[in-house]
Amino acid sequence: MEQAVRKSETASSCLHVTSEIGRLRSVLLHRPGQEVENLTPDLLGRLLFDDIPYLEVARQEHDIFAQALTDNGVEVLYLEQLAAEALTDAAVKETFIRQFIAEAGIENENLSYALTDYFLGLPKQEMIDKMMAGVRREELARYRGHSLFEQVNDFYPFVCDPMPNLYFTRDPFATIGSGITLNHMRTQTRNRETIFAEYIFKHHPHFSSANIPLWFDRNETTALEGGDELILSEKVLAIGISQRTDSASVEKVCRKLFAADTSFETVLAFHIPASRAFMHLDTVFTMVDTDKFTIHSEIEGPLTVYEMSKYLPRTGEVRIKIEKLNLKLEDILEKYLERKVTLIRCGSGDKIHAAREQWNDGANTLAIAPGEVVVYARNHVTNRILEEHGIKLHVIPSSELSRGRGGPRCMSMPLVRDHL
Ligand SMILES: NC(=O)NCCC[C@H](N)C(=O)O
């Protein structure tokens, strides 16, 4: 599957992202579905939610988000539709169903047959929506489970868990240049999400003939999540070593990128605290203009950052040179972007506003062009300061969407951006 990405490749390919801020042309979203209604208080911790969003309102908010993008010339593609469209071949669909069931942790053979029949009996789009929503025991009307496991666990309502984090399309895979990292997620619940991306990139007609290079594969055993992957420029990537991403994964991505003929020359591995509030690099720091970033003041530093750069000894093989830095965030960004930068503090740096607004993704903006970003309405302190710095805001409602702990960047995966 792997193919070198030429520096000369243009934005006409189905994937092209060489910055965080180049004008956004095409993006992948997921409209929240019944998986959100299947959340119960007992499941919140394991399924990585802090509260239960009200689906009807979450969808209204999400539709406003999508509308803001289309109104600004962005093509919005939906994960659930692409996944259904990728399954036109009957054999591919059956393999997909088998894999989905295995990765849902179903070991009982009879249950697996019953679920396969159930999925095969649904029209494709309904099947995908149902897989995402989760399957309750009583939906498999003709199945009577008698195994010891089922008798011991008969209080548990689902045979297949809901996947409520799907609307955070940023994380299961990430576009870098004209390729992707198909990620291995930290948790089992989110790792199941990456199956959809695997089939879309292999089998959807929009992508299948593009020979998309994989900078990372979901079969890896170390974790990597898209919220930790930031494209600072066509030469420099930033990747978080975080609660969700392992240092070994950062090195694997580096090796693949450097071995191919991409424009990327340096990867900066940012070692950030492993905490829920800071779960990914993009929860504490996003780029809003060529020289401006919104940040959580707690990561101003000095920070431990590892500079990983391409090194070609005489033999011609690609090696990685690693240098440990201990610098302030501002100095790091200025050094690698080769310009003065302005850091705009989430919640104006005020202790209370900053903590509250960062928790609700005040530092997590989606740039649709240089100096133009989508933000949550609730982060009014940060939003005012962004405007004072000349940033154009597209403000979307956020009462329900924010309960999943992710903002506009987390809810979107850019497929194509203009080259800066
Ligand atoms: N990039 C991001 O920060 N995504 C937010 C993911 C939130 C989701 N509830 C999670 O814990 O994985």
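# Reading a predicted model

Biologist: Which residues of α10 are buried?

Modeller: Buried in α10 are S249, V250, V253, C254, L257 and F258. They cover an arc of only 160 degrees around the axis, which puts them on the same side of α10. The arc is that of the directions from the helix axis to the C-beta atoms. As for the first word, a residue is buried if 20 or more other C-beta atoms lie within 10 Å of its own, exposed if 12 or fewer, and partly exposed in between, with C-beta atoms placed from the backbone.

Biologist: What kind of model is this, and how are its residues numbered?

Modeller: It is a predicted model: local features need pLDDT of at least 70, side-chain atom pairs count only at pLDDT 80 or more, and totals for chains, interfaces and linings use all residues. Residues are numbered from 1 along each chain as its sequence is written.

Biologist: How many helices and strands are in the protein chain?

Modeller: Helices (H or I, at least four residues) and strands (E, at least two) are DSSP runs, numbered from the N terminus. The protein chain has 13 helices and 19 strands. Its radius of gyration is 21 Å, close to the 22 Å that the globule rule gives for 420 residues, so the chain is as compact as a globular protein of that length. That radius is taken over C-alpha atoms, and the rule is 2.2 Å times the number of residues to the power 0.38. The C-alpha trace spans about 65 × 55 × 40 Å along its principal axes, and 48% of the 420 residues count as buried.

Biologist: What covers the buried residues of α10?

Modeller: Packing is read from contacts: two residues are in contact if their C-beta atoms, placed from the backbone, lie within 7 Å. The cover on the buried residues of α10 includes β6 (179-182), β7 (214-216), β9 (236-241), β10, β13 and β14 (319-327). Over the protein chain, 74% of the contacts between residues at least 6 apart in sequence join residues at least 24 apart.

Biologist: Which residues of α4 are buried, and which are exposed?

Modeller: F96, I97, F100 and I101 are the buried residues of α4. They cover an arc of only 125 degrees around the axis, which puts them on the same side of α4. A91 and A102, on the other side of α4, are exposed. The buried residues pack against α5 (109-120), α6 (124-133) and α9 (194-203). Just after α4, G105 takes a positive phi of about 85 degrees.

Biologist: Which residues of α5 are buried, and what covers them?

Modeller: In α5, the buried residues are L111, A114, L115, Y118 and F119. Their arc is only 130 degrees around the axis, which puts them on the same side of α5. E109, Y113 and L120 are exposed on the other side. The cover on the buried residues includes α4, α6, β3 (135-136) and β4 (158-160).

Biologist: Which residues other than glycine have a positive phi?

Modeller: Among them are L48, with phi near 65 degrees, and S348, with phi near 60 degrees. L48 lies in the loop between α1 (34-37) and α2 (55-71). L48 is partly exposed, with 19 other C-beta atoms within 10 Å. S348 is in the loop between β15 (342-345) and α12 (351-359), and with 15 C-beta neighbours inside 10 Å it also counts as partly exposed.

Biologist: Where is the cis peptide bond that has an omega of about 10 degrees?

Modeller: That bond joins G301 and P302. P302 is in the loop between β12 (292-295) and β13 (303-311).

Biologist: Which residues come nearest to the ligand?

Modeller: A residue is near a molecule if its C-beta atom, placed from the backbone, lies within 6 Å of it. Of the 16 residues around the ligand, L48, G227, H280, G406 and C410 come nearest. The shell divides into five nonpolar, six polar and five charged residues. Here Ala, Val, Leu, Ile, Met, Phe, Trp, Tyr, Cys and Pro count as nonpolar, Asp, Glu, Lys and Arg as charged, and the others, Gly among them, as polar.
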